[in-house]
Amino acid sequence: MGTKLPLTGWSSVAIHGGHSAEPRHAHLTPIYASSTYVFDSAEQGMDRFTGKEPSYIYGRFGNPTITEAEEKIAALETFGLNIPAKAILHASGMGALATLFLANLKAGEKILTHFSLYGGTEELIHRVLKDLNIEAVITDLHDLAQAETHLKNDPAIRMVYLETPANPTLQCVDLEALISLAKQYGKKVACDNTFATPYLQQPFAYGADFIMHSTTKFLNGHGTAIGGVLIGTDIEFMKTIATKKHRLLGANSNGFDAFMLVQGMKTLEVRMERHCHNAMEVAHFLDTHPAIAKVNYTGLPQHPDHAIANKQMRHPGAMMSFELKKGLEGGMAFMNRLQMCVRAVSLGTCDTLLSHPASTTHFGVSKEEREKYGITDGLIRMSVGMESIQDILHDLDQALSTQ
Ligand SMILES: *Cc1c(COP(=O)(O)O)cnc(C)c1O
């Protein structure tokens with residue numbers, strides 16, 4: 001860290017955490033655009049490779065811009081916890097998941113997880129891990145007794161994989177209860193914390209072993225780069241097995257993306273406060289609108305996971321989804337009428353983003369299959385942005401007016 005003063009506030013760590021002084025006095029750590037690093041002598045080359053002199057070797061292994069992003073995220077995920085953690089920055093959230101699963105699981109082993117997961121994660125499980133003979137046991141993790149039955153009776157389960165809040169229904173699972181249960185049976189626990197960010201929720205506080213993020217989303221915050229991070233509390237494991245997998249999979253980040261991420265994370269607290277404030281206003285507006293059948297937002301008392309979200313999150317966050325009464329046609333008409341809010345997948349940018357899963361991300365999935373996961377024809381997913389609230393509400397209101 002660039003300062004010796006003990007940093008006590010969240011944003012102080014977000015701004016200064018992970019920074020080290022630049023040899024040429026640049027204020028910000030520059031974008032290191034160099035594929036390789038120089039050894040002053042053959043002996044120094046040997047020392048770098050054996051780890052005796054921890055420093056940079058080759059761009060696929062990391063660079064100073066990447067290190068700053070990694071140390072900042074690790075500092076934020078452990079803020080106030082006194083738990084050591086090491087982060088490895090990846091080319092994408094999917095890259096971080098590949099390292100997580102391949103570093104922890106061998107053929108014949110299983111993960112225990114739940115129904116509602118990010119689409120890419122689900123496909124990774126079904127199309128890649130399955131072929132490697134790594135199986136996912138999928139169950140409703142709201143049912144703790146059922147989770148315990150699996151953990152107790154299936155010794156092949158090595159890891160519990162949680163995503164909370166989950167995409168796109170905003171389902172939450174109880175981190176404290178599930179992690180302590182998994183620990184009783186000696187299982188590792190990994191948590192996708194992308195929707196919450198470390199500002200709203202800290203899975204390490206409940207004993208999670210790994211956290212992953214798609215840094216593409218709120219951590220970057222401006223939609224300028226794709227990235228992912230894997231953070232673990234077993235430093236030795238992260239330095240050896242996880243680092244090896246990350247390097248050999250070629251899942252490395254790069255200077256530009258890491259630079260954008262570092263600048264984005266500095267404002268995470270102020271951004272999340274604004275995102276969350278706007279989201280609460282939007283949820284209340286939609287909740288009473290006659291064209292809307294249902295709003296999925298854990299900040300509303302009728303959401304089935306309202307209590308769990310309140311227990312483990314500082315605020316319910318800025319992601320929500322809602323169902324239009326007029327189904328597929330209504331959904332497409334609503335999307336077409338938006339004027340300021342942006343029609344796009346992804347989330348966590350300053351701009352409000354809306355997507356219509358039935359006509360886009362889940363178009364290829366049968367209606368029956370979709371509806372099992374709560375993805376109805378008229379479901380709209382919304383990442384509430386940081387624009388002035390009156391303009392977000394105005395745009396939604398006019399887009400809903402023909403429904
Ligand atoms: C986007 C996302 C991912 C995948 O991350 P990429 O950066 O797109 O590879 C994983 N989990 C969640 C919850 C996401 O939103």
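The protein chain of this predicted model falls into domain 1 (10-30 + 62-265) and domain 2 (268-399), with bounds from an automatic or database domain assignment. Between their centres, taken over C-alpha atoms, lie 25 Å. Domain 1 brings 34 residues to the contact and domain 2 brings 34 residues; contact here means heavy atoms within 4.5 Å.

Let's look at what is buried. About 3000 Å² is buried between domain 1 and domain 2, and carbon and sulfur atoms give 61% of that area. (Buried area is the accessible area, with a 1.4 Å probe, that two parts lose on being put together, summed over both.) On the domain 1 side, Tyr199, Leu200 and Phe218 supply 27% of the area buried against domain 2, more than any other three residues.

The rule finds 2 salt bridges across the interface of domain 1 and domain 2, each a side-chain nitrogen of Lys or Arg within 4 Å of a carboxyl oxygen of Asp or Glu. The side chains of Lys311 and Asp174 also meet in a salt bridge, at 2.9 Å from N to O.

Here are the helices (DSSP runs of H or I, at least four residues, numbered from the N terminus) that each supply at least two residues of the side of domain 1 that touches domain 2:

| Helix | Residues |
|---|---|
| H1 | 10-16 |
| H7 | 175-184 |
| H8 | 197-200 |
| H10 | 255-266 |

H8 gives the largest share of that side, 4 residues.

Residues are numbered from 1 along each chain as its sequence is written. Local features need pLDDT of at least 70, side-chain atom pairs count only at pLDDT 80 or more, and totals for chains, interfaces and linings use all residues, while side-chain values use heavy atoms, leaving out hydrogens and water.
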